[in-house]
Amino acid sequence: MAQDSPLTPRVRGTLDRVQRGWDMLRHRGPGQIQFWFIALLIGTAAGTAAVVFRVAIEWLQNLLYGVEDPNLLASFAADLPWIWVVAIPAIGGAVVGGIVHFATPDGRIRSVADVIEGAALNDGRVEKKAGIASALCSWITLSTGGSSGREGPVVHIASMISSWTANLIRADGITGRDLLGCGVAAAVSASFNAPIAGALFALEVILRHFALHAFAPIVVASAAGTVINRLAFGDVTEFRLPGTTTVEFYLELPAFLILGLVCGLVAVATMRAIFLADDAANAVQARMGLPHFLRPAVAGVLLGLIAVQFPHIIGVGYETTSLALTGSLGVGTAILFVMVKVVAVSITLGGRMGGGVFSPSLMIGALTGLAFGLLATGLFPNQSGSHTLYALAGMGAVAAAVLGAPISTTLIVFELTGDWQTGLAVMVSVSMSTALASRLVDRSFFLSQIERRNVHLAAGPQAYLLCMFRVRSLMRKPTDLGAADTEVCLEMIEKGVSVNETATLETALPRFEESGVAFLPVVRRSAETGALELQGALFHVDALKAYNRALAATAEEEHS
């Protein structure tokens, strides 16, 4: 028998250490320094994707509209022939419709809501085929006059990068979610040149916790995204405010409290308008039998017709936001622009053209704040500061209420404008708007979207974890040890006491409470006869054990 080489034990030892390191990275990656290098790579990739997406939009806008500076698109479009202003979004909508029809199973554009759902229910993974199609649709939408934002698509693109990485290293749920947070943080920071807000957005909105194990890698990724942005565009803020902004603190703070409430109502009206437009479009589409690919095309035509009179609705709207922040609009114009923008955003998203809600909410908020500020400073000129400060506070207040992210949105406002002297005014307005809006919707626009799909993330893990367990995965089969008596199960089925194998614990646990039984027969309807066939039994104790384990794991992750 041949003897092992003297090097064999060393090789085996090395392989064992590599395997142990690999397993540690997959299951306890966020706590390891090596994981930070992966976070750095994801941050660099996500930041690059965000910059490329932005440059691609500007390139296509230049090609279609002929505008050299994308920040002046609204002014430039005002001088274009009306037929061209209508034709561009109509053609863009038709192209988007074709992509959505062939590349997505449900004709729906993927967005930030899907990233949040992936973090909570899919171990930090998101769809890739539908995600790529959605990114392409959003690029076309934003380049051809769609009235939405680029940050939502960028977040989903970054999520696909992190999902690919998680699958590559076969990461578990905690590691996968933290990788997702890294990608999102880098994308947001690269979009806004806002590293602090990018990191907090990932924790506050996507992961929905502030666990210490996630903080370091997410900050590393966010910093990488910011570096990519600054290499591409320089270290400049997105908006520039005129002069200094001051608050007449004690006398003026009540006005910012009222502004926050007004902005909360405006945010709720915006969200409900979007959902109303989506429901109306669904109803019209079903009644008329329209195919999916025509829906974005019709929305594009409507947007083009609006843009003939109100070109400020085209694209992300940073030009109009800048006008509001510099006080270059009157009260009537600001209010009119708010109403038209809400309609345009509702048509864009209800028509399923693509894009996000962040930039539109910034624009709507700045216009709302400006109108409020002009009225307030006009009524009390001796007790008021600059009306542009109200525009700044309004921008943060509406965006925070829409996103359900008061902390990160407040910081984004600061980092977008470079004005850190007005923190108290912005924080007061943001706190009031989010407190009001969160009671009128399911906490935020994204969580309300998810709730409309009957997934209860807004209610917390005690509600949505029930959706993660299928009855078939927890039932005891008739041949298993401790299985339920078959005759008893058949008698219960005859009485209508059973549960389908495809149901989740969300359905099963209430039935235990209603019936008071120790187990429920699990059935499947025969495709041939239509009769209910016994598959096994779900025991109440097994369901509760699985649920408790999931709750304990979630609590451990969120507090580690």
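**View 1. Helices α16 and α17 pack against each other in this predicted model.** On the α16 side, Leu392, Met395, Gly396, Ala399, Ala400 and Leu403 meet Pro406, Thr409, Val413 and Thr417 of α17, where contact means heavy atoms within 4.5 Å. By kind, the contact residues are 7 nonpolar, 3 polar and no charged; nonpolar covers Ala, Val, Leu, Ile, Met, Phe, Trp, Tyr, Cys and Pro, charged covers Asp, Glu, Lys and Arg, and polar is everything else, Gly among them. The axes of α16 (residues 387-403) and α17 (residues 406-417) come within 9 Å and cross at roughly 145°; those axes are lines fitted to C-alpha atoms over the stretch in contact, with angles from 0 to 180 degrees between N-to-C directions. The crossing is right-handed, that is, the near helix is turned clockwise from the far one by less than a right angle. Helix labels follow DSSP runs (H or I, at least four residues) numbered from the N terminus.

Since the model is predicted, local features need pLDDT of at least 70 and side-chain atom pairs count only at pLDDT 80 or more, while totals for chains, interfaces and linings use all residues. Residues are numbered from 1 along each chain as its sequence is written, and side-chain values use heavy atoms, with hydrogens and water left out.

**View 2. Here is the largest cavity.** Its volume is about 220 Å³, and a search of the whole structure turns up 5 cavities of 30 Å³ or more. On a 1 Å grid over the protein atoms alone, a cavity is a set of points where a 1.4 Å probe fits but cannot get out, and lining residues have an atom within 4 Å of a point. Points are joined across faces, edges and corners, and the volume is the space filled by probe spheres set on them. Of the 19 lining residues, Gln61, Pro70, Asn71, Val316 and Gly317 lie nearest the centre. Helices α2 (33-65), α3 (73-77) and α13 (318-325) each supply at least two lining residues, and α2 gives the largest share, with 4. The lining splits into 8 nonpolar, 6 polar and 5 charged residues.

**View 3. Leu72 sits in the loop between α2 and α3.** With a relative accessible area of 43%, Leu72 is partly exposed; buried means under 20%, exposed over 50%, and partly exposed in between (1.4 Å probe, protein chains only). Leaving aside neighbours within four places in sequence, Leu72 touches Val67 and Glu319.

**View 4. The second largest pocket is shown with its lining.** A pocket is an open set of grid points with protein on both sides within 12 Å along at least five of seven lines. This one holds about 500 Å³ of space. Its lining has 27 residues, with Ile109, Ser111, Leu349, Phe445 and Gln449 nearest the centre. The tally is 14 nonpolar, 7 polar and 6 charged.

**View 5. Arg170 and Arg208 each have a positive phi without being glycine.** For Arg170 the angle is about 55°, and this residue lies in the loop between α7 and α8 (173-192). Arg170 is exposed, at 52% relative accessible area. Arg208 has a phi of about 65° and lies in the loop between α9 (195-207) and α10. At 28%, Arg208 is partly exposed.
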